Amino acid sequence: MYVLLGHGDSLTLEPNGILGEGTEFAYCHGDRTEVHQVKRQNRNANAWNIASLETKGIWRHLRTHAEAGHEFHFVSTVPARPLQELSDRARRSDDFPSFARNWLTDELRAPFDELAAPRIYGAPETAWRMLRALWVEWHDERDVVAVNAALANQALTGAPGRLAALALGDLLLNSLGTRLDAAALAAGLTQYRLRRAIPPDGDTVAPAAGGAAPVHMAHRTTPTLSGLPAPSGTFTGRKAAVTGLLSVLDPSAVGEGPSVHVVAGLPGVGKTELVRQVAHRAHGQDGWFTGVLAVELYGYDPARRQGPDTALASMLRGLGVDHEHIPVALEDRTRLYRSTLRSRADQGQRTLIVLDDAMDSEQVRPLLPEDTRTPVLITSRHTLSDLDARLHDLAVLDPVDSVDLLRLVLRASRGKGDTRVDDAPGTAEAIARQCGHLPLALRIVGALLADQPARPLSSMAQALEDEHRRLRRLSIGNLAVRAAFELSYQHLPPDQARLFRLFALNPGPDVSTESVAQLCDVEPDMAEELLEALGRGHLVQSTATYGRWRMHDLIRLYADETGRKQHTDDNRSAALDRLIRHYAGHLAEAHDHLVPGRPPAPRFADRGAALSWLDEERANLVAAITATPRALSPYVILQMAIRIGEYLKLRRGFTELTAVYDSALEHCPESAHAAVRAALLDSRACALRGLARFPEAVAAHEEALRIYRAEGPLLGEAEVLTNLGYTLHEARDIERAVLVLKKAVVLQGKTDNHRGEAAALNNLGRSLDESRRYEEAVSAYRRGIEICRLLGDWHLEAVTQNNLGLTLRQQGRAGEAAAAHTAARDSFRRADDRHSVAMTLTNLATALREGGLGDGSDMLEEAVAICRDLGDRRGEAIALANLGTNRLQTGAPAEAAQMLTRASDLFAEVADAHGQAKALVNLGEVWTKLGLTDQATEAVRDALTLYRTARDRHGEGHALFLLASALRATDLAEAISLGTAAVAAFSETDDEVLTEQATALVTAMRESVNGGGLLAGT
C-alpha cells in the first residue's frame, strides 16, 4: 500500500539472496532497506524473550542483515517489550559507553547481558551494534486489517477497501521473489479490475514524490485544526525572535532551509508563549495556512507525557481520520499521518504543526511530516540538535522588557490605574534582576502583587532578597519556578545530576570545563561530556568563550538547594576544597610570570598566557577568596589573596582588591605571625589608595607600621614606609611624603631589598618633582633605573622612566622626556599593562607638543580608547584634558571646550580634585579664547577652590594669577588682591619665574591706580 501511495520504492515477498535470509519480505524506500521477519505466535507464550528468539534463528539473521546495512524488523502479534526498549535506547545513544552509562537500566541489564553472552554475540559492544539495527513491532491483527483497508481506500478504486486489500495480497503471493514497484503493482492489479486512485474533477493534486501517480484522499470526518490555545495579552519583547520565525513560515520561504524549527531554552523562559504568538500571527496571514495542528507533548512530566503513538492518534483525529481507521502500530500511524498531510499540501491546504514541550528527538521524530510544505514548530528544554532542524535558542528577557512584562501583568489584572512599576522603576528593575529576567518568575511576581494591590514593590524586593527563600516565594497556584526546574532535574542520569548539584559550588559567575572536572573529581573529557548534556537541556549554558559554562541565577539556587538538602553523599566540602586548591595552584603559577626575577612556571607558555588565564578566571578567583567559608582552607585563601595582588593592581581592580584583603584579614588565623597581618593591612591600604580613600589608606599603613616596629622585621617597616609615602603623595601631603620616602630609601638599602629601594626612589622622585626640586628628582629616578637594570626588573624600570620623562619635561628637556616616555611605553606594551600604556601615551604626546616635536593627537586618541575599554575614568579624563589642550593650540577651541568639560566631569566622578582643577584652568583659557569671559572666570574660580581642597599651593597660585589677569579690567581691587596672593603662593613653592611674572602684574595694576585710575566701588 505504501509503495502505491508513493511513500516507498518497492516490495519483494520472499526475496532471493541475502535479502531473503530469515525474512518474509524486503521493503525499500529512499536509501533504506527494511527486511521483515514475521512470527505471529510464540507457541503458547504471551511474550518473546532472548532464548525463544534464539531458537527461531533471529539473532543469527539479525547479524547478517545488520552487517549488510539493512534494517531488521521483527514483527509479531506477541509483544517483546524489553527488546523493543533495548533497541530503541541503543539507537538513541551516541556510542556504547554512553549507552551503558546513561541508557542501560537495571531492569534491562539481564536481557542485554544475555545478548552479549558468548553463545549469541560474545561482546557487549557487538550486542549494542546489533540492537541499533533491530526494530521490534507487534500488532493487533484486527488493526492490521483495518489499516490495510483504510490505505486501500486511498490508493485503489474498483472495490471496497477490504476486498482491494485481499486482491493485493493475492497478487503478492503470485509474485514471490519478484521486486514490485508502483508501476508493476498497478499493472498486476488490473486483472482484479483495480486501478490506482484518480482525483475527482476540480480536486487538483500534485504528483507524489518519486514520480508516482497522484493520491486521492477518501472522504473523512471534518478536520479540526483550530485547537491552538489563545495567545497571552501580556506578551512583550522577543521582536527579533517573532520576526525570524515568521520569515521562515512565509510560503515564499518554502525550500530555502529546514522546515522544522526547534525553539529551545531553559524552563520558564517563554518558549511556549513565543511559538503560540508566532503560530497565531502566521495563521492570521492571508494565504499562509488553512489550519494549525497543535499538540502538548508534556515531555518532562512523567504523569502526562505523550508518546509519539498517542500524539499521532490525536493528530490524525484532528486531520479528520475516523477513529476505526487509526492503526495501532507507530510506524503505520506515522505513514498515514504523513500521507494525509502530503495530500492536504497537494490540494493547497497548507498546515502548520506545533509540537509543544518535547523532551527528546525520539518523541517528535515520528510526528515530522517530512514535507517542506508543512512546517513544524517545536518547543523543548533540550536543543534537539540531532534533528534535521533549524535551532533557535531563546534567552531570558532583557532588563527593559522584564520590567515591561511586570507592568503588563499588573495592568492586565488591576487595570491601568496600577502604576506601581512606573512609580518605583528602580525597585522594579531590582525585582527583575532577582527573577533573573525569567518570564515565568516575573509572571509569578506579577500575580503575587496583583493579589495585594496595596503591596509596594519594595516589599516584594525585600522578600526576594533572601536567596535561600527566593524559590519558595516564587510560587502561586499551579505556577512555581522550583517545580519547573524539578521536571528537568528528575530526568537527569545520576552522573549529570551530581555535576548539576556541585556546579552551584563554583563561587564565580562562570566556570571552565577543567575547573568542573576538578570540582567533580572526573577526567576533563568526562566533565565536557556531562556539561554538554546539561547544556542541551539548558540547565547550564555555554558562554561566548569556548569551554566556559554558566548557570542561570535561579537554576543555580535550585541546584544549590537540592545539593544541600537531598544529597549529603556528594561530599560538598571536599568538592569545594578540590576546586579552591585548583584555583590556588594555577594562580601561584600565573603569579610567577608577573613577578620579575622568578622562574616562569611551565603551566603557562609565557606572561601573556598567564594573563589570559587570570583575565578569564578573575571573577572566580576573587569570589573564591571573598566568599569561601572561613573554616575551609584558611591558609590557601591567604596565599591566594597575597598572590592575586599583582594582577589586580595591573588591571586597576582596586574595589576587588580591597574586598580580597578584607576577606584575607578575616581568614587570618590567630596563630599567624603578626607580620602576616601587618602585610595584609599594608596591601589593603594600597588598594584603598587606588580608590582615592586616602584617610583610610593612611590609617591602615600606620597600623601596619606600628605592628612592624613592635614585632619586626625591619624589611616590613621599609615596605610600609615606601607605600605610605606614595599614599601621602596622592593625598597631596607632599612635604610629609618626601620625609617618609627618604627614610624608606635608607631602610630598603639597609635590608638589601634592592627592588624595594628602587620602588622607594621612584616614589621619592615623584614627590620631589611635585615640590619643584627637579634635579633631586632626576637623580632619584636615575638611581632607581640603575637598580632596576641590575635586577632585570623592566616593569619597574618602565614606571620610573615614565616618571623621569615628566620631570625632564618640567625642565624644558622635551626631547629627553619623549625618549624616556617612548622606552616606558614599549615596556608596558610588552607587559600587557594597558593602563600604563595609556598613561605613557598621554605623557609622550604632551612632551612632543611642548617640545614642538609633533602634535601627538593620535596617541591621545588611542589613550582615550584604551581607558574607555578598561573603564578607567581617571585615565580617560587625563587623556581628554591633554587632547583638549591640543585642540586649543591647533585652533579648534569649540572641540577643546567639549573635551575639557568632559574631562572635568570625569575627574569629579572619581573625586580627583587636583585633576579637575587643572582641567578647569585649561577650560578657562578656552572660554577666554571664545570671548566668554564670565564662563572663563567661573571655571578658574572653581579650579581655585579645588586646588585648595587638594592642598596644591602652586596650582592655587596659578589659578590666582589667571583670575587676577582676567579681573584686571573689571575689578581692579580684587585683581590686586588675587595677584598679591598669587605672588605669595609662587614664592612659597620656589617658582622664581612665576613669582616674577605675578609681581610684575601686581606692580602694573597698582601703578594704574596711582596714575589716576579708580578702584571699583570708590
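## Basis

The model is predicted: local features need pLDDT of at least 70, side-chain atom pairs count only at pLDDT 80 or more, and totals for chains, interfaces and linings use all residues. Residues are numbered from 1 along each chain as its sequence is written, and side-chain values use heavy atoms, with hydrogens and water left out.

Helices (H or I, at least four residues) and strands (E, at least two) are DSSP runs, numbered from the N terminus. Buried means under 20% relative accessible area, exposed over 50%, and partly exposed in between (1.4 Å probe, protein chains only).

Two strands count as paired if DSSP finds at least two bridges between them.

Contact here means heavy atoms within 4.5 Å.

## Strand β9

Strand β9 (residues 260–264) pairs with β13 in the parallel sense over four bridges. Val-262 has Leu-391 as its bridge partner in β13, and His-261 has Arg-390. β9 also runs parallel to β12, joined by five bridges. There, Ala-264 stands opposite Ser-380.

Five of the five residues in β9 are buried. In a regular strand the side chains alternate between the two faces of the sheet. Val-260, Val-262 and Ala-264 point one way, while His-261 and Val-263 point the other.

Asp-833 sits in the loop between α37 (814–831) and α38 (834–850). A salt bridge is a side-chain nitrogen of Lys or Arg within 4 Å of a carboxyl oxygen of Asp or Glu.

Asp-833 does have a polar contact of 2.9 Å with the side chain of His-795. Such a contact is a pair of N or O atoms within 3.5 Å; within protein, one must be able to donate a hydrogen and the other to accept it, and residues adjacent in sequence count only if both atoms are side-chain atoms. Leaving aside residues up to four places away in sequence, Asp-833 touches Leu-650, His-795 and Phe-828.

## Salt bridges

One joins Asp-301 and Arg-304 at 3.0 Å, N to O. Asp-301 is buried at 18% relative accessibility, whereas Arg-304 is partly exposed at 49%.

Arg-411 bridges to Asp-422, with the closest N and O atoms 2.6 Å apart. Arg-411 lies in helix α15 (residues 399–414) and Asp-422 in helix α16, eleven residues apart. Both are partly exposed, Arg-411 at 29% and Asp-422 at 38%. Arg-953 and Glu-956 pair at 3.2 Å. They are three residues apart in helix α44 (residues 953–967), so about one helical turn separates them. Arg-953 is partly exposed at 27%; Glu-956 is buried at 11%. Shared partners also join Glu-34, Glu-331, Asp-332 and Arg-335 into one network.

## Backbone features

Most residues other than glycine have a negative phi, and most peptide bonds are trans. Glu-14 has a positive phi, near 50°. Its place is the loop between β1 (10–13) and β2 (25–29), and it is partly exposed at 47%. Asp-990 has a positive phi of about 60°. This residue lies between α45 (972–988) and α46 (992–1010) and is exposed at 61%.

A cis peptide bond joins Gly-712 and Pro-713, with omega about 0°. Pro-713 is in the loop between α31 (694–711) and α32 (714–730).
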